[in-house]
Amino acid sequence: MTDHSTRRQFIDRSCRVLGLAAIGTAAGLLAKRASAAAVYQVDPTKCTSCDLCRTSCVLSLSAVKAVNDFEKCGYCMLCPAFMDVTSMPDERGIPTGRVCPQDALKRRVVGDVDPDDPNNNYYEYVVDESRCDGCGKCVKACLPPAGNGSLRLEIRYDRCVECNECNIRIVCPDSAIVRVEVPGLAPTGHGAVSDEL
Amino acid sequence: MSCRAPHRPCGPRDARSLLGLVRRWPLGRIGLLLYVVVVLASNVLIAQWQKAPPDFGESYTFPTPTHPEPRATWVRGLDVAMLVAGLGLGAWLALGRRTRNGMLLLSIGTVAYFGFFRKGCICPIGAIQNVTLSLVDAHYLISYGVIAFFFLPLVATLFFGRVFCGGVCPLGAVQDLVLLRPVKVPEKVDRWLRWLPYVYLGLAVWFAGWGLHLTLGGSEIIAGRRFLICEWDPFVDIFRLSGPFHMLVIGAVFVAGGMFIGRPYCRWLCPYGGLLAILSRVAWKNVQITPNKEVDCGLCAEACPFGAIRQLRADRATCVACARCYQSCPFEIERRGGPSAEVQLARLVRP
């Protein structure tokens, strides 16, 4: 009996050591390829604002939000991303419809204000992230030549739960969800990595 | 316009190509020139149409768009630290203190932190796929956290058996907590179903690394790489309190079934549990109900909801160190200051 159990113990111990060695090797091999932190981000050069970011995020309110790049924005009075230019105009000729179904795109007059002529003013457009659901309608409407293309979709890390596998990435028809290193900003051409999944 | 090969009708051939048309027909050249001018002009027009940001002067400064940073490194480190602490605590509670209540508290803590607070991510079960993808595709960026989550429970299992399953895995813990009235599953059924995790593991690895390219009777089936385990995780949508309808239904079925069948997902589906079952066969320490004495009363086998006690010994591969068996063991009750084992057993025998 003791003979049997010692043999058994010997086999166990050998397997344990082997297992530890295998785990160590595999972990070491992977650690070489690893980065401190890799996160998901929308590649705006591939994104077509297809509305799947809104429906596919595991969060009830998607972690993808529209973000306005102020340096690129034209501060237009007649912003095609803000107002639905095909809707009924009011008596001053300004369209009454809004593009955002969530009313998440807000604007305010900035600069030197001309109180008499609203067309003579500049407007700052800000996305209300507590309302924005990442549908991308404004992003699409802002595309050149109608707009300046200053709006884009972005994964906001204060909301993203960093799933093992991004649910949006699975469904994205344009492979626009890419893996980037911290700080996880949107890739600009060369920054994009491993877009195939 | 030259036509040096007389045996070949060259005129129509040249006319067929646009370049030939431009060469032969003087108006073509003008047309081309016109086209270029129009394209250039339209580009200039569009560029003018796109307004540059206005020059506000002093009255307004451009706000900088905010980019919330991903969770800080120390927060990611905290997840790993919680995992290590959980594994250590689980090993101590199940193998050292031998306390069911302790494991229960650990399970509640696990469900609260890894489940509801971290919303089920990242988990070692899903990390199988990240690791696979990283091995297959060198461009895929894997994070150190995922590596730690995948390998630490493996190491812990080599030392202490499946304590990860017992109290540190949120999926296991939630099933353990809902288990009200365990029903015995026939041994034969159980033994067959126990192969399922390896089938699932193979599928998950295949899909994570390579995806599916099949030609079946002329029709091509192509599915890209997918993380099947995450997609079909029945409990993660419960932790997130939202999810696709079919997954919520599957989750509800697993919870309802789990009230009567002990840990259905862990035993018959979980691919990571399958891996741990292999490793725990050679574990350094494992659950030993009565190491020095035994009375063949079979109360522990009766108490085990997972069919993990064979011939009055905890089966190393199947036992998830939930510590239920200690609660029913007469010797264990005696050790805790209850009535002596003989008295208890005599009570059982008496009609």
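Which residue takes a positive phi just after α5(B)? In this predicted model, in which local features need pLDDT of at least 70, side-chain atom pairs count only at pLDDT 80 or more, and totals for chains, interfaces and linings use all residues, the residue in question is Lys119(B), with a phi of about 60°. Residues are numbered from 1 along each chain as its sequence is written, while chains are lettered from A and ligands numbered from 1 in the order in which they are written.

The secondary structure of chain B comprises 20 helices and 4 strands, where helices (H or I, at least four residues) and strands (E, at least two) are DSSP runs numbered from the N terminus. Of the 351 residues in chain B, 38% are buried, a residue being buried if 20 or more other C-beta atoms, placed from the backbone, lie within 10 Å of its own, exposed if 12 or fewer do, and partly exposed in between. Among contacts in chain B with a separation of 6 or more, 70% are made by residues 24 or more positions apart, a contact requiring C-beta atoms, placed from the backbone, within 7 Å.

Helix α5 of chain B (residues 100–117) has 18 residues and reaches 24 Å from its first C-alpha to its last, close to the 26 Å expected at 1.5 Å a residue; the expected span is 1.5 Å times one less than the number of residues. Buried positions in α5(B) are Met103(B), Leu106(B), Ser107(B), Thr110(B), Val111(B), Phe114(B) and Gly115(B), and their cover includes α4 (73–97), α8 (163–168), α9 (170–178) and α13 (236–240) of chain B.

For α6(B), the 13 residues should span 18 Å at 1.5 Å a residue, and this agrees with the 18 Å between its end C-alpha atoms. The helix α6(B) is mostly covered, with 11 of its 13 residues buried, including Pro124(B), Ile128(B), Asn130(B) and Ser134(B).

52 residues of chain B are in contact with 52 residues of chain A. On the side of chain B that touches chain A, two or more residues each come from α3 (26–49), α4, α6 (124–136) and α7 of chain B. By class, that side has 30 nonpolar, 13 polar and 9 charged residues, with Ala, Val, Leu, Ile, Met, Phe, Trp, Tyr, Cys and Pro counted as nonpolar, Asp, Glu, Lys and Arg as charged, and the others, Gly among them, as polar.

The axes of α7(B) (residues 144–160) and α16(B) (residues 271–280) come within 8 Å and cross at roughly 35°. In this pair, Pro153(B), Leu154(B), Thr157(B) and Leu158(B) of α7(B) meet Leu276(B), Leu279(B) and Ser280(B) of α16(B), a set that divides into 5 nonpolar, 2 polar and no charged residues.

Cys319(B) is placed in the loop between β4 (313–314) and α18 (324–328) of chain B and counts as buried because it has 29 C-beta neighbours inside 10 Å. Leaving aside neighbours within four places in sequence, Cys319(B) is in contact with Gly161(B), Arg162(B), Asn286(B), Val287(B), Ala308(B) and Ala314(B); the C-alpha atoms of Cys319(B) and Val287(B), 32 residues apart along the chain, are separated by 7.6 Å.

In chain A, strand β6 (residues 177–181) is mostly covered, as 4 of its 5 residues are buried.

Methods:
Two residues are in contact if their C-beta atoms, placed from the backbone, lie within 7 Å. Axes are lines fitted to C-alpha atoms, for helices over the stretch in contact, and angles run from 0 to 180 degrees between N-to-C directions.
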